[in-house]
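Let's work through some exercises together. Try each task yourself before you read the solution.

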Amino acid sequence: MSYFPDLTVAPRRYAYARRWLRSPGASCGALILLLTLAITLAAPWVAPYDPLLQDIGQRLQAPSGVHWLGTDGLGRDILSRLIYGARPTLGLVGLVVVLTVPIGLTVGILAGYYGGWIERGLMAFTDMVMAFPRLVLALAFSAVMGPGLINGALALVLTGWPAYARLSRAETLKMRRSDYLAAAQMQGIIGVRLLFGHVLPACLPSMQIRLALDLASIVLAAAGLGFLGLGVRPPTAEWGTMIAEGSKVIFDQWWVAASPGAAVLIISFAFNLLADGLRDLSDPHHA
Amino acid sequence: MTVPVRDLTLAGRLNRAWYRPLRVLSRGTVTVILTVLGLLVATFVLASLAPIDPALQLVGDHASNSAYLHMRQVLALDRPWPVQFERYVMRLAHGDLGTSSSTGQPVIDDLKRVFPATLELATLAMTISAVFGVALGLLSAWRPGGALDAVSRVVSLLGNSIPVFWLGLLSLFVFYAHLRWVGGPGRLDDAFEYTLDMRSNLVLLDTWRSHVPGAFANAVAHLILPVLVLAASALGSVTRLTRAVLLEERGREYVTLARAKGAGEARILLRHILPNTIGTLLTVIALSYTGLLEGAVLTETVFAWPGLGRYLTTALFAGDTPAVLGGTLLIGLCFVLVNGLTDVLVRALDPRIR
């Protein structure tokens, strides 16, 4: 019917996947994390032994065909404990994200949108919390409130949100006088719906890099808390606690501490790779 | 083009002469005061959240009810919390951080004893990570995308991802237990540990002053591993941030001008870009210093280093709340101090502000 040849450009297939593949770092990081997540979810089927099964006769065995990564001081299979140990770590990471980002976003958007005294007050508070010693306050918090996964996550949340508040405030300021918001307001969209339906989505992209970077340090902080005995209660397998158990026999049976530490390193490295790659993707000049 | 009108009134002249710097300074001071206040509130809240009843702890489990109530009155625990907070601040202002239940000493004396050890460790680690981090950042910004850049990028990524306590454990295993290159945990061998007079509690200074043969070398042998491990934890972020700062500055017009005038890439980097970014780099290093003070908590636990970190973790396990909160407060104050000092230094060193 038309005289003209079809000029519509077909949308490139898998555009999203292609974008990711442009950065090998980001895709490697994402792959490692997805793999870890899959193994964690399938732990009961993947793990060769029960992570809590003690066999004193087999204690502190070197890595072998029977126990791939050896056994710990109570004769438990280290590989199985490693696989189950990803659960508290990833759980804590998830919990921290779910709590930190909304707090930071709310504070930042309110400050950026309303300005004036609200902004000054909120940002002074943000700067104040930002200057707190993060790990040490988390230590003190877990020490006072009692060790555990939830308390550890809460401790990290309390000092973790200011970075997101600053980012989302900057993004909100950028679009405060934009036509886009004016159009929304003219349609009668005001208040909470405007802030969270129209301002918030614009803040999210700049946040993902920061989030990925933060997650790397959260994994390290969680392992640190576990190492100091403030993480999940034993006998539940957790990487930081496993390193602490391994540190008692480090001079003779080094593998007990080596593998959980390597696991922490890999996960944290994957998050860092992801952050690095995302930054390159969002800002090609810097690559 | 409009000529700026000079305000010749007294207020205007004052404004130009000293009001402006004063305002800048006072804004910094307000942040510092707010942060200190916030820290005090945080430790106060934590102290009151603690499940241990301080009055009960003092009078003991078997005290009569009236003695217990009297102790509560003495400690002002029956008063509203603003009054309690005021008393808390006043006590701190007099240097009274409470008594540590694990050492039996006033917390402030304990802190004075252990803090120099941490300061020594963190400062040496900062020096090393600053030198190597900035050097790596420079190399990587020299030819972005080149081989050196790739190497320094991997180093910084690894440095940011490695759990510092695990690195400490493994390096103890390799360099102490196996290769015997360095000293083991602790600050000195037992032969020196109990004979030397540790007056300043800075191990290098004390062993140097003692003139005991071999003591200083022994101190260095024990110091080198914890310092390097701690430095490695900060190296990653220093390198990454230095590179980012340098590359951002590279896009400026004066860099293009210098290049057009025929300056070599190395000269541009060292003589043009570096001086202009020194303020930002200082901030980066100061940030890493605060991170190192925190990292020392974990490193000291691994290396049995008798500093603030180990004091904190020992207190943690003993349920010694005053000691934990005292240590937390001290580290928090260091954070505030370092941040404030950096602001002043940045102002003093930046050629554009000077």
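Predicted model: local features only at pLDDT ≥ 70, side-chain atom pairs only at ≥ 80, totals over all residues.

**Exercise 1: Cysteines**

Solution: Residues are numbered from 1 along each chain as its sequence is written, chains are lettered from A and ligands numbered from 1 in the order in which they are written, and side-chain values use heavy atoms, with hydrogens and water left out.

Buried means under 20% relative accessible area, exposed over 50%, and partly exposed in between, using a 1.4 Å probe and protein chains only. Cys334(B) counts as buried, because its relative accessibility is 14%. Cys28(A) has a relative accessible area of 42%, so this residue is partly exposed.

**Exercise 2: The make-up of chain A**

Task: How many helices and strands are there in chain A?

Solution: Helices (H or I, at least four residues) and strands (E, at least two) are DSSP runs, numbered from the N terminus. Chain A has 12 helices and 0 strands. Its C-alpha trace spans about 80 × 60 × 30 Å along the principal axes. Of its 287 residues, 50% count as buried.

Now zoom in on one helix. Ile39(A) sits in helix 2 (residues 24-41) of chain A. This residue counts as partly exposed because its relative accessibility is 34%. Contact means heavy atoms within 4.5 Å; leaving aside neighbours within four places in sequence, Ile39(A) is in contact with Val46(A) and Ile83(A). From Ile39(A) to Tyr84(A) is 45 residues in sequence, and 8.9 Å in space, C-alpha to C-alpha.

**Exercise 3: The core**

Task: Which residues touch the most other members of the largest nonpolar core?

Solution: Start with the term: a nonpolar core is a set of buried Ala, Val, Leu, Ile, Met, Phe, Trp, Tyr and Cys residues joined through side-chain atoms within 4.5 Å. The largest one has 121 residues, and Phe227(A), Trp239(A), Phe271(A), Phe165(B) and Leu308(B) touch the most other members. Apart from that core lies another, of 18 residues, including Val134(B) and Ile268(B).

Then follow Phe227(A) itself. Not counting residues up to four places away in sequence, Phe227(A) touches residues of both chains, among them Ile243(A), Ala244(A), Phe165(B) and Val302(B).

**Exercise 4: Where the chains meet**

Task: How many residues does each chain give to the contact, and what area do the chains bury?

Solution: Chain A gives 43 residues and chain B gives 45 residues. Buried area is the accessible area (1.4 Å probe) that two parts lose on being put together, summed over both. Here chain A and chain B bury about 3900 Å², 79% of it on carbon and sulfur atoms. On the chain A side, Val144(A), Leu228(A) and Phe251(A) supply 16% of the area buried against chain B, more than any other three residues.

Finally, check the charges. A salt bridge is a side-chain nitrogen of Lys or Arg within 4 Å of a carboxyl oxygen of Asp or Glu. The rule finds 2 salt bridges across the interface of chain A and chain B. Asp276(A) forms a salt bridge with Arg240(B), with their closest N and O atoms 3.6 Å apart.
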